[in-house]
Amino acid sequence: MTIHLNGAERIVRPGTTVSDLLADLGLTPRGIAVALDHVIVPRSAWAATVVTVGARVDVVTAMQGG
Amino acid sequence: MAELSPASSGSPDPLVVAGRSFGSRLILGTGGATSHTSLEAAVRASGTELVTVAMRRVPQGGTGGLLDVLARCDVSLLPNTAGCRTAREALLTARLAREALGTDWVKLEIVADDRTLLPDVVELVDAADQLVRDGFVVLPYTTDDAVVARRLVDAGCAAVMPLGSPIGTGLGIRNPHAIELVRDAVDVPVVLDAGIGTASDAALAMELGCDAVLLATAVTRAEDPAAMAAAMRHAVVAGRLARLAGRVPMRRLALASSPSEGLVEP
């Protein structure tokens, strides 16, 4: 199924959780925040939150900035 | 005028914001550095204890390791809401930062357009109010307007951060009088943010009564960032000492510093 990850389409297996998605991306949890359809998913809920078809997932971190 | 604070951070004259003490009165923005090596050298040379970061989508290929660099430097993080145009966007960004970085401190920045990057103060006051209610420690980047500064403090901001001139211009403090009015209008720390070009600008900010200086471009885009960071470190200390020392009043005519009596006559 297709989701929108950071503005780009991505194919994931049905039943994929936020934790699964981060693991697929090779990301460790430190310094990361996730929003699902513009609502923040607390890290305590990552393992139990399933990404649904067509979901807009934003994964953000700290970058250089003033 | 700011008073000497008790030595709660080990420094004889710490910057105190929302009950937290910092030995350095220089806050460094990390934007504009050409490499992590260059940034780390600048952060260390600046002596800063607080640096700003932006929140952005993770690029393909990973997070890039900025947080590792800053952890090595043992500095606290002040996430910003740079790029946000509305209170709604700023709220989401601040909440993402809190979730990602585990801090409820935020540099609130809402700009009106790309050409000037001037703060949109209507959105700013609205966002500040909502973020304070949500438990954030809010440090807003704002105009050099004493009335807006007071509104921000009324909303519960922990500091106000007026601009010296537009972001990235290096034009220095174009209206020192306005900065003094902001200083007089509020009883929270005033941080001169944006426009600093060189060390004398940072010293002037402190001489005008600001409690700290926030700068990025002046260091990160200098020919030698680490050397400029060291210059800024000393400039902020010098300006602070001069402010506390109490400068002489300006005069129109000369005042001899040597005695007028006892001169040997031919």
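**Entry 1: contacts of one residue**

I took contact to mean heavy atoms within 4.5 Å. The model is predicted, so I noted that local features need pLDDT of at least 70 and that side-chain atom pairs count only at pLDDT 80 or more, while totals for chains, interfaces and linings use all residues. Residues are numbered from 1 along each chain as its sequence is written, chains are lettered from A and ligands numbered from 1 in the order in which they are written, and side-chain values use heavy atoms, with hydrogens and water left out.

I looked up Leu139(B), which lies in strand β7 (residues 137-142) of chain B; helices (H or I, at least four residues) and strands (E, at least two) are DSSP runs, numbered from the N terminus. Leu139(B) counts as buried because its relative accessibility is 1%, where buried means under 20% relative accessible area, exposed over 50%, and partly exposed in between (1.4 Å probe, protein chains only). Beyond its neighbours within four places in sequence, Leu139(B) is in contact with several residues, including Val17(B), Trp105(B), Lys107(B) and Met161(B).

**Entry 2: salt bridges**

I counted as a salt bridge a side-chain nitrogen of Lys or Arg within 4 Å of a carboxyl oxygen of Asp or Glu. By this rule there are 14 salt bridges over all chains.

Lys107(B) forms one with Asp193(B) (3.0 Å, N to O). Asp193(B) lies in strand β9 (residues 191-193) and Lys107(B) in strand β6 (residues 105-108) of chain B, so this pair ties together parts that are 86 residues apart in sequence. I found both Asp193(B) and Lys107(B) buried.

Arg133(B) forms a salt bridge with Asp129(B), with the closest N and O atoms 3.1 Å apart. These two are four residues apart in helix α4 of chain B, and therefore separated by about one helical turn. Arg133(B) is exposed, at 67%, whereas Asp129(B) is partly exposed, at 25%.

**Entry 3: where the chains meet**

I then turned to the contact between the chains, which takes 23 residues from chain A and 31 residues from chain B. The area buried between chain A and chain B is about 2,200 Å², of which carbon and sulfur atoms give 60%; buried area is the accessible area (1.4 Å probe) that two parts lose on being put together, summed over both. In chain A, Met63(A), Gln64(A) and Gly66(A) lose the most area to chain B.

Three salt bridges are counted between chain A and chain B. Arg57(B) forms a salt bridge with Asp58(A), the closest N and O atoms being 2.8 Å apart.
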